[in-house]
Amino acid sequence: MAAAKKLKIADEKQVERFLTLELVRVTEQAAIAAARLRGRGDERAADQAAVEAMREELNLLPVRATVVIGEGDETEAPLLYVGDEVGTGKGPMLDIAVDSLEATTVCAKNLPNSMSLLALAQPGCLLRTPNIYMEKIAVGPGYPPGLVDLDAPATDMIAAVARAKGVPVHEVTACILDRPRHARLIAEVRATGAAIRLIGDGDIAGVIHATNPEETGIDIYLGSGGAPEGVLAAAALRCTGGQMLGRLMFSGDDQVRKAKAMGIDDLRRVYTLEDMAKGDVLFAATGVTDGNFLTGVRFRPDSIHTHSIVMRSASGTVRSVKAVHRNDAQHGGQ
């Protein structure tokens, strides 16, 4: 009994260590690597730099982790592909979801809200999904359970958010990816009188922004985006609180085959937040470019400044980490 109690305490200390130091170091290094190439117009180079830096840092963690959301399958990516094993090989077995550089186009153009991020959970707790689109709807904490409905018209969802907040519809703001496929959705939302924050890329950030309307001005996220990004966004919401629903969107038999190979049989299933990220989830993100809730990497002559968040679902802890790193002389400043 005493031995079991000691083990539990040790495990809790290990999780806390991840939250405060180890986990955030991974996203910091990926963000720094990507930031050296921001604004250079080369998406591939920035993404590759972030991937290499993240995997190198992940391999220093005392874990046995399997990538379940990553850069694609093994035929598409040499590093951090789905099924890639990372960590020292000693320590707890975990599943990991990564996006070394969220919003590569944003980074290449040095626009707001590009980040490096990852989520950790016990094996089987993060939804495995092929790299396809997902319908999504999300709101932050504080709303009545069951507020969001993926099949309800956008007009009804805007009205529901307004009622729950106790404000007129014109004081509600929806976040939507600026894509031709969303033209009808955008028109429907605008017809209600609500405002829209159109984003060019980075729908993980878009979902996370809905968790803190007072800071971001965003009340609800609507539309479709990448399914892997949906899982990472769900991991963040599990830590901050909120509601999210998602449904996979299939285009062609090949995508269906990949989904079934991953154990997905119900192709029309609506996934809840807990379906996509359950158990004790750890989430970390570091800003690459300036954004609504994270400052981008700052290069100084003798130091590098980063801004990160680290979160844990079991405790609801959200830490803001501002770090100063000694600059590597071989890279110089920017």
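Modeller: Let us begin with the term itself: a pocket is an open set of grid points with protein on both sides within 12 Å along at least five of seven lines, and its volume is the space filled by probe spheres set on the points. The model here is predicted, and its second largest pocket holds about 380 Å³ of space. Of the 20 residues lining that pocket, E135, L150, A154, L185 and G223 are the closest to its centre.

Biologist: Which helices and strands each supply at least two residues of the lining of the second largest pocket, and how do the lining residues divide by class?

Modeller: The strands are β5 (133-139), β8 and β9 (243-249), and the helices are α4 (154-165) and α5 (183-192). By class, the lining of this second largest pocket comprises 9 nonpolar, 3 polar and 8 charged residues.

Biologist: How much space lies in the largest pocket, and which residues lie nearest its centre?

Modeller: The largest pocket contains about 1,100 Å³ of space, and among its 42 lining residues G70, E71, G72, N131 and E229 lie nearest the centre. At least two lining residues come from each of α2 (43-58), β3 (93-102), β8 (220-226), α8 (227-240) and α9 (253-261), with α2 giving the most, 5 residues. The lining of the largest pocket has 17 nonpolar, 10 polar and 15 charged residues.

Biologist: Turning to the backbone, where is N110 found, and what is its phi?

Modeller: N110 sits in the loop between α3 (104-109) and β4 (115-121), and its phi is near 55 degrees, a positive value in a residue other than glycine. N113 is found in the loop between α3 and β4 as well, and, although not a glycine, has a positive phi of about 75 degrees.

Biologist: Is N113 buried or exposed, and how does N110 count?

Modeller: Buried means under 20% relative accessible area, so N113, at 13%, counts as buried. N110 has a relative accessibility of 44% and therefore counts as partly exposed.

Key
Residues are numbered from 1 along each chain as its sequence is written. This is a predicted model: local features need pLDDT of at least 70, side-chain atom pairs count only at pLDDT 80 or more; totals for chains, interfaces and linings use all residues. Side-chain values use heavy atoms; hydrogens and water are left out. On a 1 Å grid over the protein atoms alone, a cavity is a set of points where a 1.4 Å probe fits but cannot get out, and a pocket is an open set with protein on both sides within 12 Å along at least five of seven lines; lining residues have an atom within 4 Å of a point. Helices (H or I, at least four residues) and strands (E, at least two) are DSSP runs, numbered from the N terminus. Ala, Val, Leu, Ile, Met, Phe, Trp, Tyr, Cys and Pro count as nonpolar, Asp, Glu, Lys and Arg as charged, and the others, Gly among them, as polar. Buried means under 20% relative accessible area, exposed over 50%, partly exposed in between (1.4 Å probe, protein chains only).
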